[in-house]
Amino acid sequence: MWHVVCGNCDCAFKFKIADTPHCRRPSYGSHSLWSWTIYWIIVAAALNGSAVNMRLFLLLLASVMLAGLTVATSSSSSSSSSSYSYYRLPTALRPRKYNLRVLTHLENPEALRFEGNVKILFEVLENTKNITLHAKNLTIDESNITLKDTSSADKKNCISSTEVNSIHDFYVMHTCDQLVAGEIYELTMPFSADLNRQLEGYYRSSYLDPVANKTRWLSITQFEPASARLAFPCFDEPNFKAPFVVTLGYHKKYTGLSNMPVKEIKSNNEIADYIWCEFEESVPMSTYLIAYSVNDFSHKPSTLPNSTLFRTWARPNAIEQCDYAADFGPKVLQYYEELFGIKFPMPKIDQIAIPDFSAGAMENWGLVTYREIALLYSADYSSLTDKQRVASIIAHELAHQWFGNLVTMKWWTDLWLNEGFATYVASLGVENINPEWHAMQQESLTNLLTIFRRDALESSHPISRPIEMVAEISESFDQISYQKGSTVLRMMHMFLGDEAFRAGLQSYLQKFSYGNAEQDNLWESLTQAAHKYRSLPKSYDIKSIMDSWTLQTGYPIINVTRDYDGGSAKLTQERYLLNTQIGRSGRGGCWWVPLSYTTQGEQDFNNTAPKAWMECGKSGEVLPKTIKDLPGGDQWVIFNTQLTTLYKVNYDERNWKLLIETLTSGDFERIHVINRAQLIDDALYLAWTGEQDYEIAMRLVEYLQREREYLPWKSAFENLKRMKNIIRQTPNYELFKRYIQKLITPIYIHLNGLNDTFSSIEQQEEVLLKTMVGNWACQYQVEDCIPVALNYYRSWRSEPNPDMKNPVPINLRQTVYCTSIRHGTDQDWQFLWTRYKNSNVAAEKRTILTSLGCSREVWLLQRYLELTFEPKEGIRRQDSMWAFQAVAYNEIGFHLARDYFMNNVDFIYKFYHPITKDMSRLLPPISEQTFLESDFEDFKSFVSNNRGSLKGLEQAIQQTLETMLTNVQWKERNYNQVARSIEVLI
């Protein structure tokens, strides 16, 4: 006799209604009218028992079974939309423990899939008759959902119906009886799905086994920010923490990994050669930090004495590239234990390099996942820049084990508490382990240069901002959360001092361990520490100061007007914006600014503590500030020592001229190297927006002919690149080229050009400087740069086995490859493309990808664009943006790439969907090189006509359009003035 089990009732629904008076009606996933009609016809057929009715019964039974299967196929078809529409989960329930069992099938490439069940133990905080959690794109067998009251076997309950809210991915189960506050229930839900290709949720990846010449498959998770729901039903919000017991089923030839160590491995009694691997119960954690993988990788152990079990995993043919990560990882983990005063709370940590991975890396607690380029390092193929990137990313992810994992933000509004802290603390970690890199200085300046640009857009956003949709969460993983978050934390570290800063962090972490917090909780801990160590006056608190940096968009420009006779300076502040059409009324806002400064007589750049503050009134108004006891008219003053705070400074003309005099003819190295970079950046930005004259800015930049340090040149090249992107499309480009040649020839000669002198370089920053200068020198045909580059490339091409032996110096490969493709033949391009396809090193592959776009042959560039978006050609989806950007930043390729994007936007959107953030990375080269009003208007029309194919890119599109507008303004206002200034200098 066929029967439908009713929820968790012991009874079965039989065709004699009287037999089961207490049992609820069966549900097939909805309350729709046709479901109930079918239900009653079945009942009537069963009761009457006639042959006709039985035939009708069987027909309708098949319909019901089919309907039940269809309903379960995806959340969106389970039933009509849910009446619950708030974007956050209800607070009536709280998970207490998950038991997750997942069986993964990797043997058949045509059927890569998984199935399993999740058993959720949850507490009821308020009486309710529904269970609302998250599920997306899962097949859920609703007939096998069970619900138990754990307090007594006699208390029966079941699911009477389900519904969904597809906007917020809610899966709502209505219960037969009320869930009672204070009780603990056990919900079991079966689920299944394909291992998707979208690089989120539980998905597939692969690599080519070179020995067997076969594709090897693996499975991996990527759940942040909201994709655990694609892998199993769960309460998928960061403040619903609970312990997890994960059990993975898979073929015995594979390895299973998860957050915790293996507890037990058993045979699977139902599938031959399969096993069940159960992992130990985890500490309480958010769903986005759960991770698991089934793979055939190899690993390198690297545990330090008396430290956590530490392993680094990669595909077998890349395992030798794990040495550096295996050495660096445990060291930085140990540093964090000392910094935070808390031992790493997990019994082991694995880090694993995934061939297909959208994010750079992911901090899953105990199982950190990386793109290959972010974890693997080869001394024979990876440059110093590549090595520093690996160190920085590992340090970032391991910092998350405390900031993000141990203490997690309550909601994505405070994502920056995760990302800003990890970014800043990572630079502390790298500096501690490799002080010779000067990572703190480099990272700080890089972040500041990035934010000075991004946050000067009106379309930017606050560090901490409201989040209501999943798409908005994804958009928040941007430079504001990471780099600006890091920058304001560095500012706070500097004005608090090391002792108070560390004490405040340790107090915060200890207080909220295994829980959730918001930024005000952090401000409270730091205020207490600041007052204890007397690094802030009692009348000041961290919240007032830091809210001005985290809750409002942008940053200030401080105008310094000196009274040379009176020995004082008047300071005013307003928001700095690139869009010059915005009037004073749109430049409001007030920031609490710690004011550090030094004078030509003092030259004390080591003291970064504030000598004064710019304050804000209770209603947010700017309070006037005057600085006294300054020197007379023969000495300059510099504010913001070592660029500790995120603001720009505009001095009066006399102070600028005093600074220029020191830089161009005086003892310029007495000015701190970061402040030299600051002066270049400020002068060129202020000239860009008209607050400064280009004659002054270009005279200041002229001093670079004397400069031999990396950071000032980095600042200069970042600014000159923006000018180049516009000027190279105009008749004055020849003039600009001659100016650049004059500027960089002395440093090029000083560094011995492209000659391989790296073994004799003692300062690591000089390696970076030589690499950067060589790149610009070949672009601008300085001295012997192009012939030397071409000679290196010819030597490589003549090697019998070019994949095994490459005579091009590692740190010059980007420059040599690009120059040789730019000035080379079709055969040169094909040679490099073949090297890309044969390469086993992710860093080398990226270098080649960016170089292949340097060609000046239109047909090659067009072909390359098409190869970029054809996965079968060997460019993985996560790497496609590098190829596209390479073409788009090429002066010949720019128009081709822009037209390709605009003509194929539907295809490109589908190519990246649902991770549209990757698509947004195609936009910067388009925005940065558009400066004609007609092109700007064309792109605006394109956006208006293609909203559907730009969904999820709203923030990126706004910033793209605003960047184009500021370029149009610059061309109209400054183009002729720049040409005149350059003519004078050359």
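1. Let me start with the holes. By the rule used here, the count of cavities of 30 Å³ or more comes to nine. Bear in mind as you read that this is a predicted model.

2. The largest cavity holds about 130 Å³ of space. It has 15 lining residues, and those closest to its centre are Tyr87, Arg229, Trp411, Val470 and Ile473. Sorted by class, the lining of the largest cavity comes out as nine nonpolar, two polar and four charged residues.

3. Now for an open space: the second largest pocket, with about 1400 Å³. Its lining takes in 42 residues, and closest to the centre you will find Ser206, Tyr207, Asp356, Gly874 and Arg876. Strand 11 gives the most, with five residues.

4. Five strands make it up, in the order 18-19-20-22-21, and it is an open sheet with mixed pairing. The edges belong to strand 18 (298–301) and strand 21 (361–362); each has a single partner strand, so one side of each is left without a neighbour in the sheet. Further in, strand 19 (residues 309–314) and strand 20 (residues 348–354) run parallel and are joined by five bridges. If you want a place to look at that pair, find Leu309, which stands opposite Lys348 in strand 20.

5. Helix 15 deserves a look too. Six of the eight residues in helix 15 (residues 694–701) are buried, so the rest of the structure largely encloses it. The buried ones are Tyr694, Ile696, Ala697, Met698, Leu700 and Val701. What do these buried residues of helix 15 pack against? Their partners are helix 13 (653–665), helix 14 (673–688), helix 16 (710–727), helix 17 (733–750) and helix 30 (954–985).

6. While you are at helix 15, check its N-terminal end. Asp693 caps it, with a side-chain oxygen 2.7 Å from the backbone nitrogen of Glu695.

7. You will find Thr930 in the loop between helix 28 (924–928) and helix 29 (933–945). Is Thr930 buried or exposed? Its relative accessibility is 2%, and buried means under 20%, so Thr930 counts as buried. The Thr930 side chain reaches the backbone oxygen of Ile926 at 2.7 Å. Leaving aside residues up to four places away in sequence, Thr930 touches Phe894, Asp935, Phe936, Met964 and Asn967.

8. The other loop residue is Pro800, placed between helix 19 (785–797) and helix 20 (813–822). With a relative accessible area of 80%, Pro800 is exposed, whereas Thr930 counts as buried. One more distance for your notes: Pro800 and Ile727 are 73 residues apart in sequence, and their C-alpha atoms are 43 Å apart in space.

Terms used. Residues are numbered from 1 along each chain as its sequence is written. This is a predicted model: local features need pLDDT of at least 70, side-chain atom pairs count only at pLDDT 80 or more; totals for chains, interfaces and linings use all residues. Side-chain values use heavy atoms; hydrogens and water are left out. On a 1 Å grid over the protein atoms alone, a cavity is a set of points where a 1.4 Å probe fits but cannot get out, and a pocket is an open set with protein on both sides within 12 Å along at least five of seven lines; lining residues have an atom within 4 Å of a point. Grid points are joined across faces, edges and corners, and a volume is the space filled by probe spheres set on the points. Helices (H or I, at least four residues) and strands (E, at least two) are DSSP runs, numbered from the N terminus. Ala, Val, Leu, Ile, Met, Phe, Trp, Tyr, Cys and Pro count as nonpolar, Asp, Glu, Lys and Arg as charged, and the others, Gly among them, as polar. Buried means under 20% relative accessible area, exposed over 50%, partly exposed in between (1.4 Å probe, protein chains only). A polar contact is a pair of N or O atoms within 3.5 Å; within protein, one must be able to donate a hydrogen and the other to accept it, and residues adjacent in sequence count only if both atoms are side-chain atoms. Contact means heavy atoms within 4.5 Å. Two strands pair if DSSP finds at least two bridges between them.
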